[in-house]
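Open the model in your viewer and keep the selection tool at hand. The stops below go one by one.

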Amino acid sequence: MEYYNRIICVTYEDLTSGENAIMTRGGLKSLLRRNPKWQIQQGCRGKYVLIDYYALPLRYRQKFEAQYGKPEQILKEKEVKATLVFDEAARTVYAGYRYDKGTEKDVSLPEELIEEYTINASVLNILLERYNDCRAYRKARGGSTRGVWDIVVETSENLRETYRHTLPANPARLREKMNLYKKEGYMSLISGKVGNRSATIITEEAGRLIIALKRCKTPVYTNRQLLEEFNRRAIEKGWKPLKSQLALTQFLDRPEIKPLWLDAVIGELAAHQLYSRKNTTVPASVRDALWYGDGTKLNLYYKALEGGRTVIRTLNVYEVMDAYSEVFLGFHISETEDYEAQYHAYRMAVQTAGCKPYELVSDNQGGHKKLQSQDFFKKICRVYRTTAPYSGQSKTIESAFGRFQAEVLHQDWRFTGCNITAKGPYARPDMEFIRANVDKLYTLEELKQAYIEARNTWNEAKHPLTGVSRMEMYQTSVNPQTEPITPEEMADVFWLYTDKPSTYTSSGLKVTIKGRTLVYEVYGGNGRPDHEFLRNNNGRQFLVQYDPYDDRAVNLYTVDASGGRRFARVAKPKFKVHRALQDQVAGDQAFIRAEIEANRQDRLERQAAARAIELEFGMTPEQMGLNRPKLAGINMRDEEVRREVDRRVEKYSRSPIPLTPGAIGKAISQAMYDPTTGKVEFDERRAVGKL
């Protein structure tokens, strides 16, 4: 049994070995096949299977605890045994050690080396005891001893955080150090550099060979192997071989030599960050001169219900910060850092500030690229730029996040801990306490409210440079080069476009926004549906611009062949009337009757326009000796329908109005008045006779 990533885990041996086994090996395998997520670590390449103890069914946990006790108590007892006890005998040995240093005789070790060697010896004592206990425990249970070294290495790293020992972090080198300590005792920890008076000379050519061997990838040499290989080649070349590994390491650690091989060992990026010069910058002088936007983990745990179990979860938060005052202006909480989270955070920041920043800086992640492709950032600031890739130290907001975590969020017992590089007592969470109080964790809504309160605490706290409240700094500062943002600009910047056009039909325009399907319609100045717009645009596709915060109106745009957008109309949610008379309210019947009449007029208009075209080219059914079908569903007598359509046909087939005085006079001279019908008609034969 052990912790793995702060999860209590058991092994096959813990559950299936011994006379009083909790379950059979076959039964456990069957459980894990059905529930593969219970395996926290797979068994392969020298690793052993680790199983989440609290994922096991209750009956097995009860049986285990009745036989061995509570898992937390077992692990706590192990941790107590691993508590460091300083080896006073080691301190006595190192304090009394003497060596020669050049012409000086009987030189004692410096106090810092005595302290370092004493701590290392004390830690090695604990590691050896832990190693022996684990081996004995697993053998007594009939289990494998593989993986014991993983426990030893983990213990070593835990003690490193607390006591700052300098034992190797590499498992293989740590094993070598422990084996040497068992053979030679305290003296094995004294560095060979102490009292060394040799001055081995490495020529330029030999040095280049050493650097080349250090950079070699096939094979990769340790310093000991590198020394052997160098000496072998040195003998072949007639050079003087090196007598000690110390001379080799001293050469490799020279400031002018180390940059020539370090990138091949730790990676070029890590070496670049170590050796490249860093600029010292002056902070922004006024508010809104520079904003930073970045996403990070929201460092508070909350509870969620999954599969009938209460589980511990975390979320991400995207923050926008004013660099001058360190005020957090806008944020958005979500499961992932995507373009939607960034959009909402920047919108809140602009609304909070009441203006657009002069400069905006963010990293170059995928969400930013999508917003950048839509010219989003160009609209909300004068200058937009991204930080240099893999250069977190260049973002002031990273430092602010770290201090926000350490100064504010850590006060909540639900704190997840700081980022992975942080050190100190608040850098890691107390998972044992958190698991014991899962039911008291925040719900999702409570988490959001707690985070808002934490942000307010940060904004109202004193700025480290001025001693004035961050919010007071922000509110009292004036930036003459920023302009207030208008409602029109807010719409232009923060209203979004749908990915695909939607079709306007007789039922309105359906648009799906974030999984919700809404229906819109264009209305006229009288508040009634615009039937003329419907007649001209039924079946036309429109790109929809919408406000994610308000669905009471959308803008419709047509898109030309080149991709250009042209504004058409504003559409509003479609008006609904009750179908049942009992449910109808005042005005419903009047609306229905008005729409029935409007639809009737639309039919007559369509028929008139179409028949005028038929008549113009002599293609009406009547001209061909055929009968025209009646208009079904029109509540008018046939003769009334005919006269109404004819009247409108006359309007559509009327000749164009002459524009010049001469043309108007010619038209009058060619016209004849019919007293029987009261109409003025045009006599084509008379007009031809005048030619």
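Start with the open sheet of four strands, ordered S1-S2-S4-S3 with antiparallel pairing. Strands here are DSSP E runs of at least two residues, helices are H or I runs of at least four, and both are numbered from the N terminus. Two strands pair if DSSP finds at least two bridges between them. Now colour the edges: strand S1 (2-4) and S3 each pair on one side only.

This is a predicted model: local features need pLDDT of at least 70, side-chain atom pairs count only at pLDDT 80 or more, and totals for chains, interfaces and linings use all residues. Residues are numbered from 1 along each chain as its sequence is written, and side-chain values use heavy atoms, leaving out hydrogens and water.

Zoom in on S3 and S4, which pair in the antiparallel sense over two bridges. Select Gln 41: opposite stands Leu 50 in S4.

Next, select helix H2 (residues 25-34). Leu 28, Leu 31 and Leu 32 are buried there (under 20% relative accessible area with a 1.4 Å probe, protein chains only; exposed is over 50%, partly exposed in between). Look down the axis of H2: its buried residues fall within an arc of 95°, so they line one face. The arc is taken from the directions from the helix axis to the C-beta atoms. Turned away from that buried side are the exposed Arg 33 and Arg 34.

What covers the buried residues of H2? Show helix H1 (12-16), strand S3 (39-41), strand S4 (50-52) and helix H3 (58-68), which are among the elements covering them. Contact means heavy atoms within 4.5 Å.
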